[in-house]
Amino acid sequence: AFRSMTISPMLREALLIVILAAVMSGLASSLSFSGIGLPIDLPVAGVVEALFSPAFLVPVSIVSGLVNWIIGSAILHGSSRLLGGRGSLDQSFLVIGYAQTPGLFYLIFGVLGWAAGSIIPISLGSIVIGLWTLVLMVLGLREAHGLSTARAVLAVLLPIIIIFIVIGAVVAAVFIAILEELSKLLRMGV
């Protein structure tokens, strides 16, 4: 399937998949939350309920889905090219958009969460959908960029690894700064 897509890009369809998957994600999250409910005496219950309402979550999901698609496609295109890929940016957008197809199943997990009164179904569903999406990204980038499977896996994982390294470095720097300040306070006798 990915081989034929690299020949005739269907970016409108990929865009539609990204939007529909985002809508399903927003609805599923809202449904899961409504199945859990809030204690009536919680002071900020109205605000929390508004933040988890479909009227808020669906538009936020659409915007974040589109932003993630654009940025993610560009980053994964760059990592694919860095690893010897020959595909175009349009092909990367197409692949990453189509790889969002598993997201169309979010609503099933949201309904299960609502029925069970638990966030466990949407949490487990998100893991399954996330892994499925990653597999589709690897397969798509492999075909679109002419990469080996190992290089396609690396193209997908490299940005994630870099993000974890950067976050780890920032957390370490903050932790070290806190320890230094505590050390100064202890030396001063406070």
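Helices here are DSSP runs (H or I, at least four residues), numbered from the N terminus. Axes are lines fitted to C-alpha atoms, for helices over the stretch in contact, and angles run from 0 to 180 degrees between N-to-C directions.

Before we start, a word on the source. This is a predicted model: local features need pLDDT of at least 70, side-chain atom pairs count only at pLDDT 80 or more, and totals for chains, interfaces and linings use all residues. Residues are numbered from 1 along each chain as its sequence is written, and side-chain values use heavy atoms, with hydrogens and water left out.

Start with helix α6, residues 106-116, and α7. They pack at an angle of about 160 degrees, and their axes are 8 Å apart. So α6 is roughly antiparallel to α7. The cut-offs: under 35 degrees is roughly parallel, over 145 roughly antiparallel, 65 to 115 roughly perpendicular, and the rest oblique.

Who touches whom? Contact means heavy atoms within 4.5 Å. From α6 we have Tyr 106, Phe 109, Gly 110, Leu 112 and Gly 113; from α7, Pro 121, Ile 122, Gly 125, Ser 126 and Ile 129. By class, that is 6 nonpolar, 4 polar and no charged residues. Ala, Val, Leu, Ile, Met, Phe, Trp, Tyr, Cys and Pro count as nonpolar, Asp, Glu, Lys and Arg as charged, and the others, Gly among them, as polar.

Now follow α7 along. Its 26 residues, at 1.5 Å a residue, should span 38 Å, and the end C-alpha atoms are 37 Å apart, which agrees. The expected span is 1.5 Å times one less than the number of residues. After α7 comes Gly 146, with a positive phi near 65 degrees.

Next, helix α8, residues 149-188. The axes of α7, residues 120-145, and α8 come within 8 Å and cross at roughly 125 degrees. That makes α7 oblique to α8. On the α7 side sit Leu 134, Met 137, Val 138, Leu 141 and Arg 142; they meet Thr 149, Ala 152, Val 153 and Val 156 of α8.

Last, the rings. How many aromatic pairs does the structure hold? There are 2. Rings of Phe, Tyr and Trp (its six-membered ring) pair if their centres lie within 6.5 Å; planes under 30 degrees apart are stacked, over 60 edge-to-face, and the rest tilted. Trp 69 and Phe 93 form an edge-to-face pair, 5.5 Å centre to centre, with 90 degrees between the planes. This pair links distant parts of the chain: Trp 69 lies in helix α4 (residues 54-82) and Phe 93 in helix α5 (residues 89-98), 24 residues apart.

Notes:
Helix = DSSP H or I, 4+ residues; strand = E, 2+ residues; numbered from the N terminus.
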